[in-house]
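Subject: Structure for your review

Dear colleague,

Please find the structure below for your own work. A short account of the findings follows it.

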Amino acid sequence: MDLQLRNRTAFISGSTAGIGYAVARILVGEGATVILNGRTQEKLGLAVQQLQDEFPKETILGLPADFSKVSEVERLLKKLPDIDILVNNVGIYRAASFFEATDDDWQQQFEINVMSGVRLSRTILPRMMTNNWGRILFISSECATLVPEDLIPYSMTKTALLAVSRGLAQLTKGTGVTVNSVLPGSTLSEGAEQFLENTARKEGKTKDEIASAFFSEVRTSSLLQRFAGLDEVANTIAYLASPLSSATNGAAIKVDGGSMGGIL
Ligand SMILES: NC(=O)c1ccc[n+]([C@@H]2O[C@H](COP(=O)([O-])OP(=O)(O)OC[C@H]3O[C@@H](n4cnc5c(N)ncnc54)[C@H](OP(=O)(O)O)[C@@H]3O)[C@@H](O)[C@H]2O)c1
């Protein structure tokens, strides 16, 4: 399927690894100009080079900014060219009991997970409206509705994104711009791989045993009963970023392997 992305420019926050990088890879493969982002020039340079080696004819750029630092975000916003596709992907979590999570934990997760997308959209959405075309995607999580007890601040940020996304979609009424959110389930990013490896080492088990125990004991509602691969999530995001998804606006799309339950 041709996603019709040639001559479109995309910015993906937090895209030197994980879901963000997987989305970037698909968009570049479809001919879009992609701007990667991460906190350090060094890791960003490596990610840009890796994609450039794979797609030597395409344009891949990098703009560093740490979304926990407002001054860096402001600098980034000034440097951004016209963006057709904004993927608000950056997100962090810190597992802790409700009683141990500090004010800083709440504020830092809100700052990075929610305010990153708010600040980027405030700059980019008006230009999209002027151009009468654009795609904004907020990467939420199954945690927005499952709310694991050790991830209450993180889950709060992921529910907040749904309201931001829906509200912005309402501002696009009658235009060619759409704003949607995507709710991935447990996905095998580098972070998840590391978690499985560490737990396996600690418990003297294999990674596969730890992964399968996660689904039989923790994420019991998952119909998939395994971690999704990065591309399984990135494919949906890439489709929603494309002109082909023009009738989907203001929606929250689950890529959760059925974990959230319900029909809608
Ligand atoms: N993986 C899952 O199971 C899962 C499930 C549901 C939802 N999600 C959501 O999907 C999104 C991507 O998740 P992921 O698992 O792919 O993430 P990940 O592997 O942890 O992503 C790491 C990326 O985020 C960047 N990053 C981290 N902190 C940053 C900051 N303060 N400023 C700028 N960039 C920063 C990293 O860049 P540098 O290291 O280069 O700075 C790297 O590119 C997140 O919003 C996450 O909440 C993930």
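How many salt bridges are there between domain 1 and domain 2? The count is two. Please bear in mind throughout that the model is predicted.

The two domains

The domain assignment places residues 9-186 together with 228-255 in domain 1, and residues 188-227 in domain 2. Taken over C-alpha atoms, the centres of domain 1 and domain 2 are separated by 25 Å. On each side of the interface, ten residues take part: ten of domain 1 are in contact with ten of domain 2. Size can also be expressed as area, since an interface is often described by the accessible area lost when the parts come together. Between domain 1 and domain 2 the buried area is about 750 Å², and carbon and sulfur atoms give 49% of it. Three residues, S186, A228 and L230, supply 52% of the area that domain 1 buries against domain 2, which is more than any other three residues.

One further pair deserves mention in this account. E142 forms a salt bridge with R219, and the closest N and O atoms of the pair are 2.9 Å apart.

The sheet and its helices

Seven strands make up an open sheet with parallel pairing, in the order β3-β2-β1-β4-β5-β6-β7. Strands β3 (60-62) and β7 (252-255) stand at the edges; each has a single partner strand, so one side of each is left without a neighbour in the sheet. From one strand to the next, the twist averages 20 degrees.

Within the sheet, β4 (residues 85-88) and β5 (residues 134-139) pair in the parallel sense over four bridges. I85 stands opposite R135 in β5.

Two helices may be described against these strands. Helix α2 (residues 41-54) lies across β2 (33-36) and β3, and runs at about 175 degrees to β3. Helix α9 (residues 230-240) lies across β4, β5, β6 (177-184) and β7, running at about 155 degrees to β7.

A loop residue

Is K57 buried or exposed? K57 is located in the loop between α2 and β3. Its relative accessibility is 81%, and the cut-off for an exposed residue is over 50%, so K57 counts as exposed.

Yours sincerely

Terms used:
Residues are numbered from 1 along each chain as its sequence is written. This is a predicted model: local features need pLDDT of at least 70, side-chain atom pairs count only at pLDDT 80 or more; totals for chains, interfaces and linings use all residues. Side-chain values use heavy atoms; hydrogens and water are left out. Two strands pair if DSSP finds at least two bridges between them. Axes are lines fitted to C-alpha atoms, for helices over the stretch in contact, and angles run from 0 to 180 degrees between N-to-C directions. Contact means heavy atoms within 4.5 Å. Buried means under 20% relative accessible area, exposed over 50%, partly exposed in between (1.4 Å probe, protein chains only). Domain bounds come from an automatic or database domain assignment. Buried area is the accessible area (1.4 Å probe) that two parts lose on being put together, summed over both. A salt bridge is a side-chain nitrogen of Lys or Arg within 4 Å of a carboxyl oxygen of Asp or Glu.
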